[in-house]
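Here are my notes on this one, jotted down as numbered points. Have the model open while you read.

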Amino acid sequence: MKTFRYMKSVIVCIQLLVFIRGSLAAGCSYLSADTGCKLCDERGYCLRGTVPVDQWLSFALETQRDLQLDEPFFNVQILDGHNSFNTRADGYGINDTCSWPPPYKRPCMAFANQEFSFTDMLNMGIRGYEIDNYWCKEDIRMAHLGSDLKLLCFERTRTFAEGMQEIGNWMKVFGNSNELIRIYLDRPGTDNPDRVNSILRESFGNRILTPEELKLRYSGVWPTMRTLKEDRNNVVVLINSNDDLGGEVIHKANWTNKNYNSFTPYPLCGGKPVGGTWRFYGDATHYPIVWDGPTQTGVTTDLTELMKCHIQYPAIDYINPQLLRTAVFTWAEGEPSHALTSSSCVYISAADHRWHVDDGCSKLRYFACQHKEKKHLWSLSRTTGPYSLTDVDCPASYAFGIPQNGYRHQKLVEILKGRDIWINYSPFLPGYNEPTEETPATAPSTASVIHISLSYLCVAIVTIFMFNRCTY
């Protein structure tokens, strides 16, 4: 009881601090300054939609989403925002003074888990959102309360409707409508389920895949990301418990949920088995005296090992472009170095384990052969050759392939042994057509080169013979 009174006193003190504004920021500060924002509010945080978009990073993360198009939904890796609503850009943590990254170097406060808006997170490549809903001040509001005391919920606390409308509006922008969005309601809003369900329907309309549609259209089996996109059911709302608010639009789902303090790098991967669906989360909040998330829960400041381990839901605090760069396992910096066409060819470099475009496609390299069923198993082709889609000598049960996620990519890297190898990026190129035996591959095969060379040689011999006859 004494502990409860102490905690309540601390929270009341925090409430008082919330109303005390510090000096107005001059320009941009914290992560907003680090990312190069030019337009910030009076507290120094980027205005909504103004975080500079790194085009290389954007394309690399888009590539990694596209690679997973034919994966079942729960095997798709989705970069996820931990307590993504709890962001400084929307007035949460208005007196925060901690600077990312931890460990925090001086006594400070960090009540927010994020700095940037939903719009900016989407622009940076985030497609998963964790949200806590509570009924307070006569509406469903997104609040980081940690309990039902509702001592930190105010009329200025952002409503669930405002948050969902922001994501819905982003999806209406040209080029965004077909992006797969995953919304995880950690606290669904059980005090007013009808309000929650209606907000979701109003914000996303028929794009929401409902439990009924999953049952009738897909026989209760979760489809691939490609199918969801083609059927325009590309918004999925999940709850990791039994409280699905009547099952109108929210799916009950189960995955293994662990904090970053329990994560171990590849190959241990925190104990994750191949094929399991796991989520690791951290907490960057810091409440003086009471709580320090980075030490008590852990945070991630580098996503490299999480990608290698194929953690489907790496939940991230203080999402920013520099952190997201560590999630890239595909393209090398600066690649693709020129516009991709239907005849482009791509290889993995043994030097940096990243993808590069080869202009000529004529170098002799081994091909990456992927097992047709066990996708994490790889072999090299029996022979080397210039890039080809039809003249590839893979072992039985293997085919020329490309790694669909970070784990499969790592397993491929392990057999490079100092060699650059071709990967089959062709299906993702503009204007790609499935090759047949009669259709030449992107680059001529060795046999074709020999055939063409012999043809030229024959023409040359006939020409010389005729010339000599005419001379004599």
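1. Let's start with a single residue. Asp139 is buried, at 15% relative accessible area; buried here means under 20%, exposed over 50%, and partly exposed in between (1.4 Å probe, protein chains only). Its salt-bridge partner is Arg195, with the closest N and O atoms 3.4 Å apart; the term covers a side-chain nitrogen of Lys or Arg within 4 Å of a carboxyl oxygen of Asp or Glu. Because Arg195 sits in helix H6 (residues 193–204) and Asp139 in strand E3 (residues 139–142), the pair ties together parts 56 residues apart in sequence. Arg195 itself is partly exposed, at 26%.

2. A word on provenance. This is a predicted model, in which local features need pLDDT of at least 70 and side-chain atom pairs count only at pLDDT 80 or more, while totals for chains, interfaces and linings use all residues. Numbering runs from 1 along each chain as its sequence is written, and side-chain values use heavy atoms, with hydrogens and water left out.

3. Now the overall picture. The protein chain has 13 helices and 17 strands, taken as DSSP runs numbered from the N terminus (helices H or I, at least four residues; strands E, at least two). Of its 472 residues, 53% count as buried. Take the contacts (heavy atoms within 4.5 Å) between residues at least 6 apart in sequence: 67% of them join residues at least 24 apart.

4. On to the inside. The largest nonpolar core has 85 residues, and Phe160, Met164, Leu200 and Leu324 touch the most other members. By nonpolar core I mean a set of buried Ala, Val, Leu, Ile, Met, Phe, Trp, Tyr and Cys residues joined through side-chain atoms within 4.5 Å. Helix H5 (residues 160–171) gives the largest share of this core, five residues. A second, separate core of 18 residues includes Leu209, Trp222, Leu228 and Ala253.

5. Which residues does Leu324 contact, leaving aside its neighbours within four places in sequence? Among them are Leu57, Leu61, Leu79, Met124 and Ile126, along with Leu303, Ile316 and Ile319.

6. Back to charges: the count comes to 21 salt bridges. Arg88 and Glu115 make one of them, at 3.2 Å from N to O. The two are 27 residues apart, yet both are in the loop between strand E1 (80–81) and helix H4 (118–124). Arg88 and Glu115 are both buried. Asp41 and Arg43 also pair up, at 3.0 Å. Arg48, Asp90, Arg158 and Glu166 are linked in a salt-bridge network.

7. Last, the cysteines. How many disulfides turn up in a search of the whole structure? The search finds six, a disulfide being a pair of cysteine sulfur atoms within 2.5 Å. Cys37 and Cys46 have their sulfurs 1.8 Å apart, and the torsion about their S-S bond is about 110 degrees, so this disulfide is right-handed. Cys269 and Cys309 are joined at 2.1 Å; here the torsion is about -80 degrees, so the link is left-handed. Cys269 lies in the loop between strands E7 (256–259) and E8 (278–281), and Cys309 in the loop between helix H10 (304–308) and strand E11 (313–316), so the bond ties together parts 40 residues apart in sequence. Cys369 and Cys394 are joined too, at 2.0 Å, and that link is left-handed, with -80 degrees about the S-S bond. Both Cys369 and Cys394 are buried.
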